[in-house]
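Open the structure in your viewer and keep the selection tool at hand. We will go from stop to stop, and at each one you will hear what to select and what is there.

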Amino acid sequence: MRSAKRTKGMCLLPASRRTCLLLAGALVLASGCGLTSGSPMVDNVEPGSIGQGKPLKGAHLTVTSKEFTEQLILGAIMGIAFQAAGADVLDRTGIQGSIGSREAVKNGDADAMYEYTGTAWITYLGNSKPIPDPQQQWQAVRDADLKNGLTWLPPSALNNTYALAMNQANFKKYGTKTLSDVTALSKTDPGAVTLCVESEFANRADGLPGMEKAYGMDVPAKNITQMDTGIIYTQVAKGSCTYGEVFTTDGRIKSMHLEVMQDDKKFFPNYNAAPVINSKALKEYPAIAEVIDPVTKKLNNTVAQELNAKVDVQGQDPHEVALDWMTQEGFVKGG
């Protein structure tokens, strides 16, 4: 999901969403940067399977997002959907940090965005323990955020969370499919389990230490190498370490043919993407829900990996990637 060039000095990773965004958000709010700028979306799109009858005709809606690839794509997808349904859409995607985009939707500077359930539950709402069931996690966030003037629409299956992954050669050699399998391997063949991880992941309670505790895993320090995010993917692909910390929607998983280990004990938080709408805007334009819901239902990790890879691996423009996908899926026509 995030290329190495976007992790330096930015608060982009799931872990960093929780640790850096206060500073980034404060800077955004203090300066107003990103909250007052924006440009009209001018995609020449018509209703396909969504937006029939143009139920948002006459609406003036502003969409926003955070600044990393996946968010830019999701923000564009939302804006294109609203345009097809007849709305005039202002593009305020790409706000640095997380708090800036959330505050924009809360205070009405923006009307809608895609946000992650885990980010809201842990970072915005101040809870320390994630809810293992993704639907229950979404429901808890939805219920808690209503008092903040935000309405969470049904979530997608897209879950941008932590995972361990390995290359195909090691997958064939060791055959592990779950983190429980990795634990078993670490006990039967301790030298086989070597890890490449970020320094933050190596020290966080919801990172490596917590994962080892939850799974009864004990990897010797000499088998753990800390490095920057982008390097992890290349080192795992080369087999320099058996397993690497990855993010489940990152396009490099697909492009490098990495095999992701299932979190079978559901230790890592759920970060399912869902539309978050300013409640006043939704009351004024209730058709927002019916327009975006079919699109959200189509989003999953495979789709995210493919779309993110087109930007991060192939160098395509996020908006064009979103438009192509919306057209190919038949949601909109034209473009």
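Start by selecting helix α15 (residues 301–312) and helix α16 (residues 318–328), whose axes come within 9 Å and cross at roughly 140°. Helices here are DSSP runs of H or I with at least four residues, strands are runs of E with at least two, and both are numbered from the N terminus. An axis is a line fitted to C-alpha atoms, for helices over the stretch in contact, and angles run from 0 to 180 degrees between N-to-C directions. The angle makes α15 oblique to α16; under 35 degrees would count as roughly parallel, over 145 as roughly antiparallel, 65 to 115 as roughly perpendicular, and the rest is oblique.

Before moving on, two notes on the model. It is a predicted model, in which local features need pLDDT of at least 70 and side-chain atom pairs count only at pLDDT 80 or more, while totals for chains, interfaces and linings use all residues. Residues are numbered from 1 along each chain as its sequence is written, and side-chain values use heavy atoms, with hydrogens and water left out.

Now look at how the two helices pass each other: α15 crosses α16 in a right-handed way. A crossing is right-handed if the near helix is turned clockwise from the far one by less than a right angle, and left-handed if anticlockwise. Show the side chains of Val303, Leu307, Lys310 and Val311 in α15, which meet Pro318, Val321 and Trp325 in α16. Contact means heavy atoms within 4.5 Å. Sorted by class, this contact of α15 with α16 has six nonpolar, no polar and one charged residues. In this sorting, Ala, Val, Leu, Ile, Met, Phe, Trp, Tyr, Cys and Pro count as nonpolar, Asp, Glu, Lys and Arg as charged, and the others, Gly among them, as polar.

The axes of α3 and α16 come within 8 Å and cross at roughly 50°, which makes α3 oblique to α16. This crossing is right-handed. On the α3 side, colour Leu72, Ile73, Ala76, Ile77, Ile80 and Ala81; on the α16 side, colour Pro318, His319, Val321, Ala322, Leu323, Trp325 and Met326. The contact of α3 with α16 has twelve nonpolar, one polar and no charged residues.

Zoom in on Ala81 in helix α3. Is Ala81 buried or exposed? Ala81 is buried, with a relative accessible area of 0%. Buried means under 20% relative accessible area, exposed over 50%, and partly exposed in between (1.4 Å probe, protein chains only). Leaving aside neighbours within four places in sequence, Ala81 is in contact with Ile50, Val291, Ile292 and Met326. Ala81 and Ile50 are 31 residues apart in sequence, yet their C-alpha atoms are 7.4 Å apart in space.

Next, go to helix α5 (residues 117–124), where seven of the eight residues are buried. Those to select are Thr117, Gly118, Thr119, Ala120, Trp121, Ile122 and Tyr124. Thr117 has a relative accessible area of 0%. Beyond residues up to four places away in sequence, Thr117 touches Gln137, Trp138, Val141, Trp152, Asn270, Tyr271 and Asn272. Just after α5, find Gly126, which takes a positive phi of about 75°.

For the next stop, pick Asp91 in strand β4 (residues 88–95). With 18% relative accessibility, Asp91 counts as buried. Not counting residues up to four places away in sequence, Asp91 touches Gly38, Ser39, Met41 and Val63.

Which two residues does a disulfide join? Select Cys196 and Cys241, with S to S at 2.1 Å. A disulfide here is a pair of cysteine sulfur atoms within 2.5 Å, and by this rule the count comes to one. The pair links distant parts of the chain, 45 residues apart: Cys196 is in strand β8 (residues 195–197), and Cys241 is in the loop between α11 (229–238) and β10 (243–247). Cys196 is buried at 2% relative accessible area, and Cys241 is buried at 2% as well. The link is left-handed, with -120° about the S-S bond.

End at α11, where Thr229, Gly230, Ile232, Tyr233, Gln235 and Val236 are buried. Their cover includes β7 (162–166), β8, β10 and α12 (251–255). Just after α11, Gly239 takes a positive phi of about 85°.
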